[in-house]
Amino acid sequence: MLAVDMTGDAVKAKNGSMVAYDGQMTFKKMSGGGEGLRGMVTRRLTGEQMSVMEVRGKGTCYFADRATEINLVALHGEKLHVEASNLLCTDAGLRTGTTFTGLRGASQGNGLFTTTVEGTGQAAVMSDGPAIVLRVSPQYPLLVDPGAYIAHTGSLQQHFQTGVSFRTFMGEGSGESFQIRFEGEGLVYVQPSERSTVGGEI
């Protein structure tokens with residue numbers, strides 16, 4: 001559960017994630033993540049859905065979603081790329097949008113775009129189990145299962161490639177698996193559980 005203390009300021013949160021509050025709060029539903037008509041149309045076209053509400057007031061507001069773990073990511077002008085289903089809450093001053101991710105999105109059956117959060121402030125990212133943060137450097141690229149990927153920051157390039165998974169070694173895989181290869185300099189957030197993916201194995 002995330003407790004947010006507010007003194008007249010605001011946060012943007014996943015619609016329906018507020019579980020309790022004390023003090024004086026107002027709630028306003030926002031369309032398309034709060035970026036206006038263009039953002040709303042983009043999300044409808046790409047299938048990257050994120051229903052958002054703005055919470056403003058004085059007091060403490062508590063947010064949660066399906067008892068998932070919550071990880072705070074501090075942004076200092078950089079951009080966070082995160083799956084919409086894993087984004088719980090952001091400071092109101094952070095800008096949200098969408099970005100093209102190529103075949104990785106298609107492998108998950110959730111469109112070719114993912115959510116971006118940019119600016120200075122904090123974002124609360126959810127994970128199924130305690131997330132780990134893995135550093136990527138030019139000398140050490142990282143390969144991640146699409147179902148375990150949550151988010152990333154930094155100057156990273158993504159490549160979609162085929163590979164062999166542990167399930168294949170154990171005889172549980174039905175065919176070739178797909179992975180995301182990250183190269184460059186940055187951080188990747190990974191959860192110890194895998195979402196169901198449409199094209200995780202073909």
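**Close-up 1. The side chains of E183 and R181 come together in a salt bridge.** In this predicted model, the N-to-O distance of the E183–R181 pair is 2.6 Å. How accessible are the two partners? E183 has a relative accessibility of 28%, so E183 counts as partly exposed. R181 is also partly exposed, with a relative accessible area of 23%.

**Close-up 2. K14 and D65 pair up in a salt bridge.** Here the closest N and O atoms are 2.8 Å apart. Where along the chain do the two residues sit? Is D65 buried or exposed? D65 is buried, at a relative accessible area of 16%, whereas K14 is partly exposed, at 23%.

**Close-up 3. A network of salt bridges links K14, D65 and R66.** The K14–D65 pair from the previous view belongs to this network, and R66 joins them.

**Close-up 4. E118 and R95 form a salt bridge between two strands.** The closest N and O atoms of this pair are 4.0 Å apart. Look for E118 in strand β7 (residues 113-127) and for R95 in strand β6 (residues 95-100). The two residues are 23 residues apart, and their pairing links distant parts of the chain. E118 is partly exposed, with a relative accessible area of 26%.

**Overview. How many salt bridges does the whole structure hold?** A search of the whole structure finds 6, among them the K14–D65 pair, the E118–R95 pair and the E183–R181 pair.

Definitions and conventions: Residues numbered from 1 in each chain as written. Predicted model: local features only at pLDDT ≥ 70, side-chain atom pairs only at ≥ 80, totals over all residues. Heavy atoms only, no water. Buried < 20%, exposed > 50% of the residue type's maximum accessible area, 1.4 Å probe, protein only. Helix = DSSP H or I, 4+ residues; strand = E, 2+ residues; numbered from the N terminus.
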